Number of protein chains: 2
Amino acid sequence: MAPRAASKTAESSDKVSVICRALRRAIIEQALEPGAKLPEDSLGERFGVSRTIARHALGQLAAEGLIELRRNRIAVVATPSWQDARDAFDVRIQLERLVVRHLAGKLTKAQIAELNAHVDAEDRARGGSDPVSIRLATEFHILLAHMTNSPILIRYVSEIAYRCCLTLSLFSRPHSSECAINEHRAIIAALVRGDEEKVMSLMHSHLDSVAGRALVTPVPQRGRDLLDILAPYAEEAEGGRVVKLPKAARGR
Amino acid sequence: MAPRAASKTAESSDKVSVICRALRRAIIEQALEPGAKLPEDSLGERFGVSRTIARHALGQLAAEGLIELRRNRIAVVATPSWQDARDAFDVRIQLERLVVRHLAGKLTKAQIAELNAHVDAEDRARGGSDPVSIRLATEFHILLAHMTNSPILIRYVSEIAYRCCLTLSLFSRPHSSECAINEHRAIIAALVRGDEEKVMSLMHSHLDSVAGRALVTPVPQRGRDLLDILAPYAEEAEGGRVVKLPKAARGR
DNA sequence: GCTCATCAAAGTGCATGCAATTCGTGCGCA
DNA sequence: TGCGCACGAATTGCATGCACTTTGATGAGC
């Protein structure tokens with residue numbers, strides 16, 4: 001009768017996890033750039049909750065390494081160093097290796113369809129400039145992880161994929177996504193064939209090609225207002241129910 | 001000037017992280033068994049903080065998978081399934097593999113000394129019944145991870161090592177530690193020689209021997225009072241300063 | 001013009017209070 | 001004796017309030 005938890009590692013109460021999800025999306029779609037400030041009140045205001053809840057959400061995201069929390073200081077979106085990035089990719093390759101081992105030759109028809117559908121979606125959202133395409137590229141890997149049915153693997157791959165994605169927004173050029181899409185298709189094909197070694201090498205070069213072509217660029221840093229930036233994410237969060245915005249504390 | 005953060009992944013404010021550390025220790029030393037209830041007020045009372053802080057700490061530990069949080073329900077120490085355990089060990093082996101690759105043949109004299117000192121400490125605390133020896137065995141692996149200087153690796157290995165340790169308290173017999181100690185010594189030796197492959201196989205069989213000899217035993221479940229159980233951990237937490245205990249709400 | 005002290009505004013750290021939910025126990029009834 | 005039900009105690013969910021810290025802007029002194 002118990003629905004076999006599987007996902008949902010922590011994500012305690014609903015409101016907190018809603019905010020976490022929204023902020024994660026905002027970060028990986030680069031609406032929130034590294035270094036962006038996240039004051040508790042503003043978040044609370046935007047999502048229609050008190051500071052307590054916003055604070056809790058920030059704590060969770062900090063545990064995932066997506067934001068940085070320093071005592072008595074405003075939380076900011078994490079700004080990983082280049083060294084951090086290399087570390088992350090190293091670990092990520094090992095983890096994805098495990099995913100591949102779980103999955104090679106064992107995909108069900110439904111799963112194959114789901115993967116293809118996802119890549120089709122990536123195709124539709126093509127164009128490196130579209131923030132959605134960045135997110136989808138990352139979520140392809142997360143989708144693969146989910147198919148292992150291994151909660152730990154799911155959590156770690158998700159977390160590290162998000163972090164890598166964050167890194168990219170710091171170091172990489174606009175993210176040439178057609179390349180990634182083709183590589184994703186090749187990976188699916190090899191997985192279906194059960195050609196584990198092929199998938200491994202594909203995955204390796206795939207991740208490396210993303211990480212490798214990174215070049216250090218100064219952060220663009222457009223400084224929009226946080227309430228504006230988060231508006232679409234807050235809307236989607238509660239299924240379209242636009243949260244209250246009593247005082248239009250615009251232009252902080 | 002900035003001291004190059006490096007460690008400290010999340011662990012926001014001091015009080016929260018103190019409680020987290022104390023609970024982690026209590027859990028891996030099996031003072032808190034899987035399924036043990038952790039009401040917010042009791043924790044707050046024991047550590048001399050309000051529910052707010054205790055709650056935040058529980059959130060962090062839930063993110064690490066050490067405790068389980070369900071809406072409107074008392075937090076409990078996680079009770080990993082056997083399947084979870086296998087998953088954890090799979091991932092762990094990959095992660096430790098990375099650690100070994102970082103470290104093989106690259107250990108400094110100081111690091112070698114530190115490792116030997118640690119194993120000596122394990123030796124001293126010998127005896128599977130001593131909860132400290134269990135903790136030290138786990139912390140050997142965490143110590144190795146720390147030597148990689150890779151924040152991500154440190155965090156993941158620590159986390160998963162704790163979780164594996166937790167699993168053991170559910171499924172394993174008392175944990176025959178002399179064996180583990182010898183294996184630890186062998187691993188150090190091979191690491192020093194730079195014999196990467198040897199370390200790998202040692203590590204693999206080491207972890208496997210720990211996981212493999214697990215047998216499903218019904219949880220013992222002694223039901224002591226939470227305040228009693230946590231007393232020593234709360235003391236150590238704040239450097240010996242015993243926290244206030246205004247109302248002796250004994251024998252809940 | 002530049003540096004440094006001072007102070008208000010903004011923000012976090014934490015405790016407390018109230019509403020809502022769950023848990024456990026005793027009672028009624030079969 | 002066994003089973004269901006209902007009510008009170010225990011506990012969580014969340015917002016709010018106050019104290020303390022940081023920030024950054026203003027003005028005095030050099």
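This is a predicted model: local features need pLDDT of at least 70, side-chain atom pairs count only at pLDDT 80 or more; totals for chains, interfaces and linings use all residues.
Me: Which elements is chain A built from?
Reply: Chain A contains 10 helices and three strands. Along the sequence they follow the pattern α-β-α-α-β-β-α-α-α-α-α-α-α.

Me: What share of the contacts join residues at least 24 apart?
Reply: If one takes the contacts in chain A between residues at least 6 apart in sequence, 75% of them join residues at least 24 apart.

Me: Through which surface do the copies meet?
Reply: They meet through the same surface, because 100% of the interface residues of chain B are also interface residues in chain A.

Me: How many residues are in contact there, and how much area is buried?
Reply: The contact involves 37 residues of chain B and 38 residues of chain A. The two chains bury about 3000 Å² between them, and 57% of this is on carbon and sulfur atoms. In chain B, Gln94(B), Ile152(B) and Tyr156(B) lose the most area to chain A, together 20% of what that side buries.

Me: What about polar contacts and salt bridges between the chains?
Reply: There are 10 residue pairs in polar contact between chain B and chain A. Two salt bridges are found across the interface. In one salt bridge the side chains of Arg155(A) and Glu159(B) meet, at 1.9 Å from N to O.

Me: Which helix of chain B gives the most to that side?
Reply: Helix 3 (51–63), helix 4 (82–103) and helix 7 (151–171) of chain B each give two or more residues to the side that touches chain A. Helix 4 of chain B gives the most, with 12 residues.

Me: Back to Arg155(A): which residue of chain A does it meet in a salt bridge?
Reply: The side chain of Arg155(A) meets that of Glu159(A) in a salt bridge of 2.9 Å, N to O. Both belong to helix 7 of chain A and, because they are four residues apart, about one helical turn separates them.

Me: What does chain B have for the pair Arg155(B) and Glu159(B)?
Reply: Their side chains meet in a salt bridge of 2.9 Å, N to O. Arg155(B) and Glu159(B) lie four residues apart in helix 7 of chain B, about one turn of the helix. Arg155(B) is buried at a relative accessible area of 12%, and Glu159(B) is buried at 5%.

Me: And which residue does Arg185(B) meet in a salt bridge?
Reply: Arg185(B) meets Asp120(B) through their side chains, at 3.3 Å from N to O. Arg185(B) lies in helix 8 and Asp120(B) in helix 5 of chain B, so the pair ties together parts that are 65 residues apart in sequence. Arg185(B) is partly exposed, with a relative accessible area of 30%, and Asp120(B) is partly exposed at 35%.

Me: Last one: how many salt bridges are there over all chains?
Reply: A search of the whole structure finds 24 salt bridges.

Terms used
Residues are numbered from 1 along each chain as its sequence is written. Chains are lettered from A and ligands numbered from 1 in the order in which they are written. Side-chain values use heavy atoms; hydrogens and water are left out. Contact means heavy atoms within 4.5 Å. Buried area is the accessible area (1.4 Å probe) that two parts lose on being put together, summed over both. A salt bridge is a side-chain nitrogen of Lys or Arg within 4 Å of a carboxyl oxygen of Asp or Glu. A polar contact is a pair of N or O atoms within 3.5 Å; within protein, one must be able to donate a hydrogen and the other to accept it, and residues adjacent in sequence count only if both atoms are side-chain atoms. Buried means under 20% relative accessible area, exposed over 50%, partly exposed in between (1.4 Å probe, protein chains only).
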